[in-house]
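Please look at the sequence and the 3D structure shown below, and keep both in view while reading this report.

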Amino acid sequence: MFPVTDIKFSTDKYTDLKVIGRVENTTSKEQTLIEVCIIALDENNSVLTKLSTYVDIAPNDKVGFECYGLAMPDGITADDVAAYIVYAFPHQYQF
């Protein structure tokens, strides 16, 4: 898992919900296809949606990212998000 900081939700007129933040590679090796996954929760801790993206990170570096939700329910805005869970991990292919 990789540290994720500076999470900010916003509402965009084209995609409804967007998240920006930063993810850090604390290893000495380049990391490719790091998946950043954010689970947005409402005030009852129920899942609103999942947003994700992929980044590549140089050794001991921190990079910014933007996440958008695909096939999200209509009308979810940043005001609906009361809490979130965030993960950043190497993507693994399952064959």
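Is Ser-46, at 36% relative accessibility, buried, partly exposed or exposed? Ser-46 counts as partly exposed, where buried means under 20% relative accessible area, exposed means over 50%, and partly exposed lies in between, with a 1.4 Å probe and protein chains only.

This is a predicted model, in which local features need pLDDT of at least 70 and side-chain atom pairs count only at pLDDT 80 or more, whereas totals for chains, interfaces and linings use all residues. Residues are numbered from 1 along each chain as its sequence is written, and side-chain values use heavy atoms, with hydrogens and water left out.

**The overall fold**

The protein contains 0 helices and 6 strands, and reading along the sequence gives the pattern β-β-β-β-β-β. The radius of gyration of the protein is 14 Å, close to the 12 Å that the globule rule gives for 95 residues, so the protein is as compact as a globular protein of that length. Helices (H or I, at least four residues) and strands (E, at least two) are DSSP runs, numbered from the N terminus, while the radius of gyration is taken over C-alpha atoms and the globule rule is 2.2 Å times the number of residues to the power 0.38. Taken along the principal axes, the C-alpha atoms fill a box of roughly 40 × 35 × 25 Å.

Of the 95 residues in the protein, 36% are buried. Among contacts (heavy atoms within 4.5 Å) between residues at least 6 apart in sequence, 63% join residues at least 24 apart.

Ser-46 is placed in the loop between strand 3 (31-41) and strand 4. Leaving aside residues up to four places away in sequence, Ser-46 touches Ala-40 and Leu-41. Ser-46 and Ala-82 are 36 residues apart in sequence, and their C-alpha atoms are 9.8 Å apart in space.

Thr-49 lies in strand 4 (residues 47-57) and, at 8% relative accessibility, counts as buried. When residues up to four places away in sequence are not counted, Thr-49 touches Leu-17, Ile-38, Ile-39, Ala-40, Met-72, Pro-73 and Ile-76.

**Salt bridges**

A search of the whole structure finds 2 salt bridges, a salt bridge being a side-chain nitrogen of Lys or Arg within 4 Å of a carboxyl oxygen of Asp or Glu.

| Pair | Closest N and O atoms |
|---|---|
| Asp-6 and Arg-22 | 3.6 Å |
| Lys-18 and Glu-66 | 4.0 Å |

In the salt bridge between Asp-6 and Arg-22, distant parts of the chain are linked, with Asp-6 in strand 1 (residues 4-12) and Arg-22 in strand 2 (residues 16-24), 16 residues apart. Asp-6 is partly exposed, with a relative accessible area of 46%, and Arg-22 is partly exposed too, at 34%.

In the salt bridge between Lys-18 and Glu-66, Lys-18 lies in strand 2 and Glu-66 in strand 5 (residues 62-68), so the pair ties together parts that are 48 residues apart in sequence. Lys-18 counts as buried at 17% relative accessibility, whereas Glu-66 is partly exposed, with a relative accessible area of 39%.
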